[in-house]
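Me: I am new to this structure and would like to learn how to read it. Could we go through it together, feature by feature?

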Amino acid sequence: MSLRLPDGGRLIDRSQTVSFTFNGKQLNGHPGDTLASALMGAGRTILGRSFKYHRPRGLVASGAEEPNALVNLGQGKTHEPNQRATTTELFDGLTATSQNHWPSLEWDIGEVNALIPRFLPAGFYYKTFIHPRAFWKHVFEPFIRQSAGLGKAPDPKQTDPDRYEQFYAHTEVVIAGGGIAGLQAALEAGRAGARVILCEQTGHWGGRAPVDGVEVDGKPAEAWINDAVQELEAMENVHLRLRTMVAGVYDHGYVIAYERVSDHAPASDIPRHRLWRIRTARVIAATGALERPLSFPGNDKPGVMLASAMRDYVVNWGVAPGARTVVVTNNDDAYRTALALLDAGLAVPCIVDARPRAEGALPQQARARGIRVLTATGIAGVKGLRGVVAVQLCAQDGPGTVTEDVVCDAVAMSGGWSPVVHLWSHCGGKLTWDQDGAFFRPDPDRPPTDQHGEGFVACVGAADGALIATSTMENASIKTRKMLSEIGKMVSGSVPAVTAATEAPMRPVWMMPATAGPKKRAKMWLDFQNDVKVSDVQLAAREGFESVEHTKRYTTLGMATDQGKLSNINGLAILAQALDEDIPRVGTTTFRPPYTPISMGAIAGEARGTIFQPLRRTPIQGWHEANGAHFEPVGHWRRPYCFRRKGESHRAAVNREITATRTSLGLLDASTLGKIVVKGPDAGRFLDMLYTGMMSSLKPGRCRYGLMCNENGFLMDDGVVARLDDDSFLVHTTTGGADRIHAHMEDWLQTEWWDWQVYTANITEAFAQIAVVGPKARAVLDKLGSDLDLSNAALPFMSWAEGKIGGFDARVFRISFSGELSFEVAVPASQGRAFWDALLAAGAEFDATPYGTEALHVMRAEKGFIMIGDETDGTVIPQDLGLDWAISKKKPDYLGKRAQERPHMTSPDRWKLVGLETLDGSVLPDGSYAVAPGTNANGQRNTQGRVTSTYFSPTMGRGIAMGLVLHGPDRMGEVLEFNTTKASPKGETPKTVMARIVSPVFHDPEGEKQNV
Amino acid sequence: MSDATVSALKGAEARGLVTLRDAGLTGMVTLRADLATAARAVKRVTGADMPGLRRITQGQGCRVAWMSPDEILILCEHATARKLAFDLTEALTGQHHLALDVSDARAMMALTGEPGPLRDVLAKITPADIAALPLGEMRRTRLQQVAGAIWFETETEARVICFRSVATYVFDLLAMSAREGGAIGYH
């Protein structure tokens, strides 16, 4: 049973107590504890259940690499799954629950899986659940969904109350890792005058040097670390950041760092996480190394732990997983754990060393302190169901015949170390196999390269394979200086002298015992989180999965949230052995960002709630909001769909708005319409190319409707062009088209017609534009008073004028999208709201009625006017819509002309625009198809047309629609059958609706109303 | 109608790590032209020298900011922008150009505070190198999801321009970035 030691713990404050709950039970820890150390101190050994077999699992590691101790953190709104207990700093009131247990952590029904491991071998998804098919849905899937998986998904109805943000920084050197190598690199870079950001993922500087008893310049490492931090803090060009993990390195020196600002002290009004988005010239990865487990039978039982992690728990937090620990190793470093345990007053019955000899300084010390050291020995099994009771020893080079049982309650294992090369690899840095240390380290000849083709990442210290503290510091200095010289920074001076025990060579041990039989191999865990064992990788190899990438996916090795931090090299070595290949030839999987998972909140940053996305507001938006507007999104605008009065339905509001406009006076906020000024000697020529019609012949003071097509001939936008003067035009675009069309113009001007003298400016937002529509439109403007003559004679249809209306600076356009007498009045945006209010006040006697987009759509449909996005969908050309009148026959060219001459575009069989009237007066379903006899090659019903716009018209008192129909204009009066999704009364085939082909102009076909 | 004119933000203000406020209606005239040939006319109308890359120059009652190799922005009193655009058009007769009053297409905000927090708050919403932005330089950039421009009047006051329709978004964005508790201490 794990325990809190009576004293010790360099990071905790024993004078204070912090309380928290785990699975509902209240427990205590100290400030400075991690959740992991506090649980260990509270005697909790089993912290979770494994993914497939539901085996009880405890802590393996003490940091970011922890595969087992994942918990649900928080509850309700703040609940977050898959949080590593080892990287969760304890705070008062923390709540955590264990994951993947069913029904309880201690008694789990899924554990039966482990008794029949044949049920879930490598590739079991692919093999087992194929037949019979119905079983998948009804038997296997529900079972797997219940038993597999890790944390509980957050409640979708809850909203995360925390805030997040991002921060952009530009610097010269980013250093990842605040151990002695990272600090030394920062000192070198800082003294050289480089701008530096130094990030450390934990809450403490110094890494593991203080735990390992390293001395620097004759003093304990801690003293040197404090001095180094102090010196760095005083440097203006160096920025230090704790609890900040460099998560990813990308092209062009882009680095993402993940700062956990207040995870350790929540409930204050500070951001929870902050995502640093950094541009840097160079990256130094002082990311250290991770210890590897040893693959012996039962190595996943709670109480079996990495030797270095056990040392961390004892030295940093004064806790231990047990009172009697057997150490099993293939190297000298693990002896430090045995010595640390002795120092803490704990028992070490023996050290099991797989090497034939152990004569280094550390083994000698261990022997001198009375520890029994067994060489050439391995572990054949671990006794105990939910913890360690004893280990069974055997000869390492043998099948695992048990020679002795050693009673113990914990096992510290060390299979050697692997440098953390992730940041080197993210951008394509290659690795080389280090034979002596049995690990991959960065290949200095093949670094990740930046935009100049130069290597821009350097691993230093243990991350570069300099694992022994004495070489770590020197390596950090040399590598950093080299990198600094590449960016023109020079530094000299002596390197601090490091003293640490020398270490004899390790011996690679990939399987313990070396010639274990199948039964034992099925109990040697490689990937703890995903339950992948030595036997699974060997099975994959036998089944032909020779590539490491394929083996990974087949067995799920290294695919868990820890991304193989512990399992990678061990799994690779087993695969290499099974294939009878060298490890470097088998290769490794690719490390991809992020180093450990980062929160979705940090990725979203501040973009949530009201600033989730920019919502564009017209000058009149406030009035809409205060007057019952029901909004619909149009681009990033929110336009009123209709204005509902109390107790009114949307439909009734729309009908009221239309009737008022057609009989008296309607007002529309048309400010969102795109407005682009096009000016220059070549402006006319330019617009002639953009539009299908002729614009250069337009007279100043006049307006013309135009169609814009893309190079493929398809209709992309429409609108009215007003000629301002000889060399300038005002182009109106659709609301959604303003930015796109402006970009389209600049694209052609900058890349194709760069020598044409044309300037454009998008002034959409400079004006509030209000459509004053209806028989009383002129009356209300006259009432406001104007220095303009607004009569039909002075300002006829399709003309414009500039002057004062009611004292406002106005541009008045006689254009109509409703078929009524209509003035679109543009005033400067700053005067927009006042002008709107003035119109409402003056229009009160005419029942001035603001209307929304739906009324706008119905009124234009009543007139047979097309709408971009309704009648067009990117496959429609103007000719399909009967708009031949808007296509100039005289012009030699315009964008889309050539495409419109292609055979498919000129085919008489293209569907063409017609009006549609249902025989029963109902409204046709939107998107409905006109069915035709027979079926096509796919057995689907043939079609001969489709509905593009369909509305109830209060003016006509019936449903009206427009659609594209085969040979439509030639079939006036013919009745077509349209499909619906409504079932017939008897409930068989859906009903169809009969509709007659008519002219698309339903209302005022002569256009008399707009010309008064 | 000057009494009825309103800025997009109507004098909004927010306090936090720095103080954010609506800078009110500001005259803005955009000029697109060959800047070298237009320099004399610009000097005659504004009194300002043609600014170099990203710089701002001072004129009589106005300032001229470099926007792109063929575009400058003239900042002036809101009431004089229209006339200034007209005068520029007159002065540039014969030279291909486009001078427009775009005052109402934009919104301007002012941020005041200690130099460090001021730059920190801005660096939360723009990828531009805020640390390297000197006084007298205008930086066109991205304010998270929209376009904008930033410059420093003094080390303790910055100005932000964006399009009018997204003024509320940018204001809320800055207010959130400036909220107490979000101090960084980088700049």
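Me: Let's start with strand E10 (residues 196-199) of chain A: which of its residues are buried on one side and which on the other?

Reply: A word on the model before we look: it is predicted, so local features need pLDDT of at least 70 and side-chain atom pairs count only at pLDDT 80 or more, while totals for chains, interfaces and linings use all residues. Residues are numbered from 1 along each chain as its sequence is written, and chains are lettered from A and ligands numbered from 1 in the order in which they are written.

In a regular strand the side chains alternate between the two faces of the sheet. In E10(A), A:Val196 and A:Leu198 are buried on one side, and A:Ile197 and A:Cys199 are buried on the other. A residue is buried if 20 or more other C-beta atoms, placed from the backbone, lie within 10 Å of its own. Strands are DSSP runs of E with at least two residues, helices are runs of H or I with at least four, and both are numbered from the N terminus.

Me: Which strands are joined to E10(A) by bridges?

Reply: Two strands pair if DSSP finds at least two bridges between them. Strand E9 (residues 164-176) of chain A runs parallel to E10(A), with four bridges, and there A:Val173 stands opposite A:Val196. Strand E13 (residues 238-241) of chain A is also parallel to E10(A) and joined to it by four bridges; its A:Leu240 is the bridge partner of A:Leu198.

Me: Now a helix: how many residues of H20 (residues 683-690) in chain A are buried?

Reply: Six of the eight, so to speak a mostly covered helix. Among them are A:Phe686, A:Leu687 and A:Leu690. The buried residues of H20(A) pack against strands E37 (674-679), E38 (703-709), E39 (715-725) and E40 (728-733) of chain A.

Me: What does chain A look like as a whole?

Reply: Chain A has 26 helices and 52 strands, and 54% of its 1012 residues count as buried. Its C-alpha atoms fill a box of roughly 115 × 75 × 55 Å along the principal axes. Two residues are in contact if their C-beta atoms, placed from the backbone, lie within 7 Å. Among contacts in chain A between residues at least 6 apart in sequence, 66% join residues at least 24 apart.

Me: And which domains are assigned in chain B?

Reply: Domain bounds come from an automatic or database domain assignment. For chain B this gives domain 1 (10-24 + 105-177) and domain 2 (27-104). Nine residues from domain 1 of chain B and 10 residues from domain 2 of chain B take part in their contact.

Methods: A residue is buried if 20 or more other C-beta atoms lie within 10 Å of its own, exposed if 12 or fewer, and partly exposed in between; C-beta atoms are placed from the backbone.
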